Every structure is written in C-alpha cells, then in structure tokens.
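Reader: Please show me the model. I have some questions about its parts.

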Amino acid sequence: MNAYKQLLFALSLVIYGCAFNAASTPWEQLDSEQLETTLIEKFAEGNYSPKGADSCLMCHKKNDKVMDIFKGVHGNVTNSNSPMAGLQCEACHGPLGNHNRGGKEPMIQFGQDSKLSTQTQNTVCQGCHNDAKQMAWHNSTHNLEDIACADCHVVHAATDPALEKLTVNDTCTNCHTREKADMNKRSSHPMKWDQMTCIDCHSPHGSMSESALNKPSINDTCYSCHAEKRGPVLWEHAPVTENCVTCHNPHGSVNESMLTHRAPQLCQQCHADDGHASRVVQQPGVDAFGGGKSCLNCHSQIHGSNHPAGSTLQR
Amino acid sequence: MNFKLNIITASLLLASAPVLSANFAVSQANTTQVDQQNYQCKRCEVNSGYRGNVSVAAGYIESDDVHVANAFGTDQDGFVATANADVQYQNSEGYQAKLNTHQLGYENSFAQMSAGKPGLFTVDADYQLITTYQSGDAQSNLYYDQGTLVNSTLPYAFELSQQREKIALQAEVQHDMYQGYVQFETEDKSGYTSSSVMNPSPVNIGLVVDSTTDSFTAGAILNGANWLTELSYFASQYDNNSQDLSFTYLDDVYAAAPDNEAHQISLSGQYQLDSTVMSGRFIVGRMIQDDDLISMSGNPIQNWDGEVDTTDATLKVSSMLSNRLRVGGSYDYSNRENNSSVFEFQQYTFNDLNDTFKENIATDIERSTYKLNAKYRISQGYRLQAGYDRKEIDRSYSAREETHDDTLWGKLSIRAIDNVVIDIKAEHSNRDGSAYQTDELTSSEENALMRKYYLANRTRNNVELSINHTPLSWLGVDISAHYAKDDYDDTVIGLTESEDYGVNLNLNATVSKHVSLYGFASQQWINSAQASSQSYSAADWYTDIEDEFINIGTGISYGGLMQDKLTLGADYLFSNSNSDTYITSTGTTPYGDYYSYNHSVNMYANYNLSNEMALKLTYRYERYYDTDDAQMSLDETTSVITLGELNHNYSAHQVMLNFSYLL
C-alpha cells in the first residue's frame, strides 16, 4: 500500500511539474476573434522588421525547432520561391510590428496550439501553395472539418513526415484510427509495412472524385494496380463492373481477399437462382461448395471472363 | 409563427453580414515599408553540400514460414544485409539532388531519386519492389508446359506469391504562370496466384502471373491570380504474357486476362470570386480490349472489339456567406457507355453435352450525384454541419435498372470546453429505385423473392462519436465509437440486415523530454443476416455471420540515457480477426474455425557513437496464426482438388544491427 501511495505521489509530482511547464504565449489571454483582429491590423500596417530573419533570430536562434526551418525547403535562401528568399520569417508569421519589444504582441502562429482559426492559418500556406494539387481543397472534407495545413505538415524540419513514404501513413492514421486498425485485419493492402501508402489512392487535399480518390472513380483507382481486371471483357460480372467495393473492403477485412463476406455466403446474397446456388452449405470444408475456394472453385473468373464459352465465369 | 420568423430573420441577417475573413497570404502583404536590401540573414544557416545519412544493416532471420516476409520485407532466412540512404545535395545556386532508399536487396524495397531546382524544374526516378506472400507450401499435381497443364502422379509444393517491380520516371517544369509534367511508369508483375479450372470437376491451381502495365501521364497547368486550369492526358496499357490454359486432353479450359488499354483526357479548373470558390472537371475516356479470342467451335469472331467510352463531369461550389456560414454544393456525373459488339457464343452446361447459344451483354452504367452542405458556427465553441446527398445509378440489363440513395447527415462539433473536442455525427440514408424484376438476360431461374444487396431497398442509420481530450500539455486521449445499421426491409431472400459497430481508444503521452508512451485499443463487430431458399419460394434456411476484430498496441521510447547517447524503445502490436458463421436450417449449426491473430514485438537500442555515427540494435518478433475450416488437403474429397491447407502457424525472429553515418 505504501509503495502504491509513493507511486501515486511521484505520478502527481510528474503531472504537476509538466502541467506548469507547459509552454504558453504572452497573448494567451486574447480570444480567437481578438487575436485575429489584432493580427489583421498588424498585417495591414505592414510594419516589417528592418533586417528580416536576423531580427527574429536575435531572440529565437537558441530554439532548435526554429532553426530547423533552415533544414527544409522553406528555409532555403537559394530558392526564389521559398519564403526565406522573400520576407523570410515574416512571410509566414506576419509583420514583426512591436513583437520584439517584450514579445507580447502576437504573431501568426500555426498548429494545434494556435488560437487562430484554421481557415485563417491556411490562407498563409495557400498564398503560395495554390497549385493544381490544391484545386479541390475548398470543397474537401479536410477543409470542411477545419484541418489546418500544420496539423499534417511540418515545415520547421529537414523532412516533412506527410511527404515521406515511410511516415505518411502514420500522419494520416493519427486521426483516421479506424483505418489504422483496418490495416491489421486478416487481409488488407500492405499498408502496415508502408509498402503502400494512403496517398497511393487518396488525395488529402481533396479531389473531384468521391472519397478524395486520386482517380476519377473507385474502379479506376483499383485498376491502377489491378489493370488485368479493367477489361472490358466479353462476359462481365455486373456488380464487379459497377463497383469493386460491392464485394471488397479495400481498407481491410476479417475475411480473405478483403471480401466483405466470404464465399459461399457473399455469393448467396445475390444468387438463389437454381439448385446449387441456393443450397445449404452446412460446413465449409467438406465438398466443392464450401471447401477450397467455394463458389470460386468453379466460377474462378469471378471478375469476368474473355472465354467465348465463359458466360458462367467458369473458364 | 413569430419564433419561426425570428429564426429566418436571424439567419438572413447572418447570411447577409459582411464577410470578415482574414487573408494573410504573402501576396496580400503591405510591403511598402520593406527594404529587402537591408536583409543580410547573418544568423541564417545555408545547407549547401551533402546532408542526410547513409546506413548499412546486417542481421539474422529465423523463420520456417515465408509468410513472415510480408512483415520482415525479405524471404531470406538466416544472414541478411541491406543498405539505406537518405541523402540530399544542394549547391550554392539552389540546384538539388536527393536519394532515398529503403531496404535495398530485400523483396520489399524502394529507391527514390530526384534532381533539379525547386520552383524551376525537377526530374524524378523511382524504383519499387513489392512482394506479397500467401503461402510457401501450396501443392498441386499440375505442371505448366507452354500453357498446357500436365498431370503428375505426385503433387509438388510451390510458393503462392506475387511480385511487383515498378519503375517510374517523371519530369516537371515550373514557371510563374504555367507548369508542365510528364510521367512514365512501368510495372512488371510475376508469381503465382490461386485460381481454379474445371477438369471437369474443379481443380485449384497456382495461376501463373506474368504481366506488364505501362502508364503515361502528361499535363499542363496555367494559373492566374484567382484561377487555375489543368489539361492532362493519361494512358495505360496492360499486357498479359501468360497464356490461355489447356489440358493435354481438353482444350482451352481457362482464358487468360486479355490485354487492354485505357485513355483519359481531363480538363479541370478552379475559379475564386471573393469568398466563393468553384472547381470543375471534365473527363472523356475510352477503354479498349480487342485481344484475340480463343478459336473454337461456336465462336463466330477472331477477336472481339470491346470498347467502353466514359464521360465524367464534376462541378463543385463552396461559398463563405458570412464569417459564420459556409455553404457548398456539387454535381457529379459519370457515364460508362459500353459500345462493345454483341455476338452469340456457344455455351456449355454442366455435362459439356448440352449446349446453348448466348449473347454477351454490353452493360451501360450512368451515375449522377448531387450534394448540398452547410456549415454554421453557432458560437465560438459550437459548429454545426448538415448536408443532403443523392446518388442515382442507371444500369442496363439489370434486375433493377435504376436505384437512388438519399442521405441526410448532420454533425455537431463542440469545442466549448478547454482542451476537449467533441464531434457527433448522425446519418440517415434510404435506397429505393425502379421495380425489381428478374431479367431474362441476367438470370433465367432467379428466385422471385431474391433482392441482390447492392440493388435492394435499404435503410441505413449511422452515428459516430469522437472525443479528443488533451487534459495536460503532454497527454492526449482520443475516444471514438460508431454504430451503423443497414436494414433491407423488402428483402425476403438475400442479405436482410447488417450492423457494424466499434470503439477506438488512443493515448499519447510525452512524459518527459526523453520518455514518450503511446497505447491504443480498438474493437469492432460486424454482424449480418441473410436468408435463402432451397425450394425457390419462401426462405427456408438462414445464415448469421458474426465478425469481430480486436487491435491493441503500445510502445515506449526512453532516450537521454548514457549522457544522451542511448535511446531504448519497444513496440507491441496485437490483432485478432474472427468470423463465426451459423447456419439455421432444421437446427442451428456453427461453422468451424475461421480466425487469425498475430503478435508483433519490436525492441531497439539506439546508441550514438559520435555526432555522426550511430549503432542501432533491433529485435523483432512475429507470431502469426490463421485457420480456416474451409481449407482442405489436396485430395480430401473427390469433388474438388485443392492447393492443400494454406493455414499458417509460426513464430519468427529477426535481429539486426544497423550502422548509420550522418553526412
């Protein structure tokens, strides 16, 4: 019991210490609207520092996170499109104004600690990043859900985890926790080992297609890797042609082949047309109806057949 | 009445209030007082020359099942070695080159190379190898011989795996007003996949996969102050190098996937007028497949001219009517017009003696989707979203030619409590359509009570709750739950109902500068019920399927040890997939086992030898088990010959020592 109490006391100390060490800004007392109004005024006045980044780094140089900007493209002075080749720090954080006199005047701040609305934060990034990849942003789910660019992207770093093949899935699944779990189901695309990434199919900045897919349709998205199923083929299987997700869940399934249900049950949800399709399969591993590949033992060309005599998708 | 009027008046006032939206884009900056001549940036750091790190790793893998190669990235057993690099070069004029490689030498690896001057031009070359392993000891008694399946007396074992080798080249040029890009990608796919042929009873085979898919994309982008437009072309060509299959005594039992090609021309654009943004896209496409058909009696043509024309159009509008109200809408149209030729082909029934002639069916599919949504900020901490979606699908030669789904949804976001974000979403949708009928072209002996689930009337209700809480600056807790129910009320035979519900819990803690922890747990249940009839009339037997999935993970990273040189860490992941099926006919019979689970452990120690050099020792453990009662040994029954039991039950270990050098 004493050990338990000591542990609890130690834990309380840790919590207490950390809570009071939390970083806070001097303009914490301003609410979101007051902050925005102040920043709008500052931005309109355009009272930029006389020496650019040198003015900012006079105080902030000791902060590693600040200096990490020079490791990435946003701190690249040799790139004419980089903010560091223009108004430097103030290109993103707004004019210095009187911020350097005691540090109490607010600057434009990004990320989850910022009280500035995501909409306003994002105008900074979109000022430069208004290219074709962002064309569908304004109607995207991420925009409607108030996702700030800085929620996913890190610019004060050598590499942005949202742009790296081995870390982009982690960035997405920070919020998309159901999809994170789906990767670990019995069958799934090889996402959990980063062999495939979320952005192979989806566009986080939105797209003109449903579910922010990169391709015009669900089936076009699947065909980009499964071109053998694109066809057209002589004998089509109607639900396959209509939509791959009629039968498959591309995020993962407890069934093999990412099927929503396994055969014969999946097939029997649409077929009760003759003696063998509607028969009871009492146990799966007994005969050709439930064993092995079940219905696909015979109807192996379930995605469509190009055999002249393949109307029943058997050859 | 007065109350209603007040609401409407208030809404109108809000909607007509002046739009107050800050725009801090650098292009809007007031730079009249700026004199960049005085900028010296003495304190700035210029990263010219080489940066990044290179590493080599060597270690040992102990495994008796090739399936673990999915996780370890290589099917090699025993001593393994690999190399990684993440190197960037930049000169004083801003020209850059990058090289990023991962697990070179493994069956799952990649290399990305890029060079150019950002903002002016870039050239990229990517290489990727993805290999997926299903089983290392599939069995067959059929050998391949130039497209002929030859019987052998004894079965042999082979590996069911597929490998994709992908090479992509891309070039991009940029200017203030325009941008252009070209991309070429080629992917070779090889290996074996599970399939089946009729002989005349079914025989499962390892189908040879040997194909190449080439794709080409080119585009040009023009942009102005408040508009941009993109014109692009996409082409894809699939070439299958594997052949149609025959037995020595029976020709053409299996047709290989035919070569095909697809082309798309896309024009898209965006226009911004004050706080209203419009974007749209128009695509025309064609899919062509004119591969030679198997030449046989009853086939009137040499090659079929399969051709599908596609048209896709999208228009989206979003407008901030006030600083509290945003409205949006979209219209999406998609048409798949199958212009393939139609002929009569001789078909065979079960005993290969009775034959009939049948016409191929060229199905057209047309879709229209309408969406309206609004987002209103009630007060500082409350936001309300609501929307209406309607999806219409017309398909020819179907049991139900027209269906439409209407969905109403709403979402309330609460940010009124400090450090807490609560989202509640509810959705109700209804599918209906034209009269459901058994169509002669789709089925000749359909049970009249069958309603195929993707066409059937359906009512769907869905609720989701999400709470993100940051009680302390170093602690984050996320909880989410969902419940969805589909009712197919008019279905007597077929899928009658399904429900999907689950919970997720995530916890992240940065306990100190050097210690961070995480943990997550999720559980999901998917239940469904379907009814069937052996008597072609009312339902006389039923199936209930109960799926359950559990996923648990935790990890710790403890750094700052040994004068900040040593970091220790560990991650653990558990997942369990289970599916139970119950058949109710005369009584209720449960199916045999159908589940899988795995435990993954990753432990590491990272030691910095100096500022540039580091050693990392990693131990990984994979425990994987799956079982499926449907699996049977090769010749367990005479009615089907299988590939044997492809279940897994293994433990595997990997120890790696990695040396990295920071440039």
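Reader: Which helix is included in what covers the buried residues of α2(A)?

Author: This is a predicted model: local features need pLDDT of at least 70, side-chain atom pairs count only at pLDDT 80 or more, and totals for chains, interfaces and linings use all residues. Residues are numbered from 1 along each chain as its sequence is written, and chains are lettered from A and ligands numbered from 1 in the order in which they are written. Helices are DSSP runs (H or I, at least four residues), numbered from the N terminus. Buried means 20 or more other C-beta atoms within 10 Å of a residue's own, with C-beta atoms placed from the backbone. The cover of the buried residues of α2(A) includes α6 (118–126) of chain A.

Reader: Why do the buried residues of α2(A) lie on the same side?

Author: The buried residues of α2(A) are L35(A), E36(A), L39(A), K42(A) and F43(A). The arc is that of the directions from the helix axis to the C-beta atoms. They share a side of α2(A) because they cover an arc of only 125°.

Reader: Which exposed residues sit on the face of α2(A) turned away from its buried side?

Author: Exposed means 12 or fewer such C-beta neighbours. The face turned away from the buried side of α2(A) carries E41(A), A44(A) and E45(A).

Reader: Is S140(B) buried or exposed?

Author: S140(B) lies in strand β5 (residues 121–145) of chain B; strands are DSSP runs of E, at least two residues. S140(B) has 22 C-beta neighbours inside 10 Å, so S140(B) counts as buried.

How values were computed. Contact = placed C-beta atoms within 7 Å.
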